[in-house]
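Subject: Structure for you to look at

Hello,

Here is the structure I said I would pass on. Please open it beside this message and follow along; my notes come after it.

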Amino acid sequence: MIKAVLTDIEGTITSLSFVKNILFPYSKNKISEFIWNHFETDERIIPIIDNVLIEAGQSTTEKLKIDRAIDILLQWIAEDKKATPLKELQGIIWEEGYKEGDYTGHLYPDAYDKLKELKEKGFQLYVYSSGSVKAQELLFQHSDFGDIRDLFSGFFDTKIGPKQEAESYSKIAKELNLPPNEILFLSDIEGELIAANQAGMQTTQLLRKEDYPLKELPKNISRSILNSFEGLYLESVK
Ligand SMILES: [Mg+2]
């Protein structure tokens, strides 16, 4: 019997376009201005600048190091490089965007309704996303439906391991103190579902029409596939 639901974020409960068309362009457009406006007052900025230069194999003592770091960051964005200092800086910039009310964290309304319903039915809800735990919490704190962090009992990111490796899901099950087959994992990505399944979790794939308009729901596959949360039904835990 399923007791906990572990959900992915992007493409599952949040639209891919929110991340791709709102969050990423926002941090890209603000990165230079943000660094120049905050490097003297926000003590997190200079260590990030130094880490950018170290990762790029460059000196951290040159006079124009902020200019250099901004160039490198913009190049990493263009190359879609998943560098830790870039991710950290994006998190800080997104936090400001949420606080300024420049956008709210997108959630599909049917996903929000279902998560609320499952919580009321006694399920423990957890999140596993490649976005940092910090970025996850920001999205839920400033969501389209207000601060909904209380819905969740815990958050996991790739610190626990990569999303397409079974071991990551085994570790999460251990952290949850549940046998894997009592956990339902939800994601849009097949490779993640296969990994969770290998670890013994139950899985349901979400292929949202908004995110995957041309994709037919495959038939004759053992796991269940839905294109909205309306089709997800779980018997109450209570
Ligand atoms: Mg996803």
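Helix 1 and helix 4 (residues 84-100) have axes that come within 9 Å and cross at roughly 100°. An angle from 65 to 115 degrees counts as roughly perpendicular, so helix 1 and helix 4 are roughly perpendicular to each other. On the helix 1 side, the contact is made by Leu23, Tyr26, Ser27, Lys30, Ile31 and Phe34. Helix 4 brings Leu89, Gln90, Ile93, Trp94 and Gly97. By class, the residues of this contact are seven nonpolar, three polar and one charged. Please keep in mind that this is a predicted model.

Next, helix 1 (residues 16-38) and helix 3 (residues 65-79). These two pack at an angle of about 170°, and their axes are 10 Å apart. Angles over 145 degrees count as roughly antiparallel, so that is how helix 1 and helix 3 are placed relative to each other. Which residues meet here? In helix 1 they are Lys28, Ile31, Ser32 and Ile35; in helix 3 they are Ile66, Ile70, Leu73, Leu74 and Ile77. This contact divides into seven nonpolar residues, one polar and one charged.

Last, the domains. The chain is divided into domain 1 (4-15 + 105-231) and domain 2 (20-100). Their C-alpha centres lie 29 Å apart. Five residues from domain 1 and five residues from domain 2 take part in the contact. The side of domain 1 that touches domain 2 has two nonpolar, two polar and one charged residues.

Regards

Methods. Residues numbered from 1 in each chain as written. Predicted model: local features only at pLDDT ≥ 70, side-chain atom pairs only at ≥ 80, totals over all residues. Domains from an automatic or database assignment. Contact = placed C-beta atoms within 7 Å. Nonpolar A, V, L, I, M, F, W, Y, C, P; charged D, E, K, R; others polar. Axes fitted to C-alpha atoms, helices over the stretch in contact; angles between N-to-C directions. Helix = DSSP H or I, 4+ residues; strand = E, 2+ residues; numbered from the N terminus. Parallel < 35°, antiparallel > 145°, perpendicular 65-115°, else oblique.
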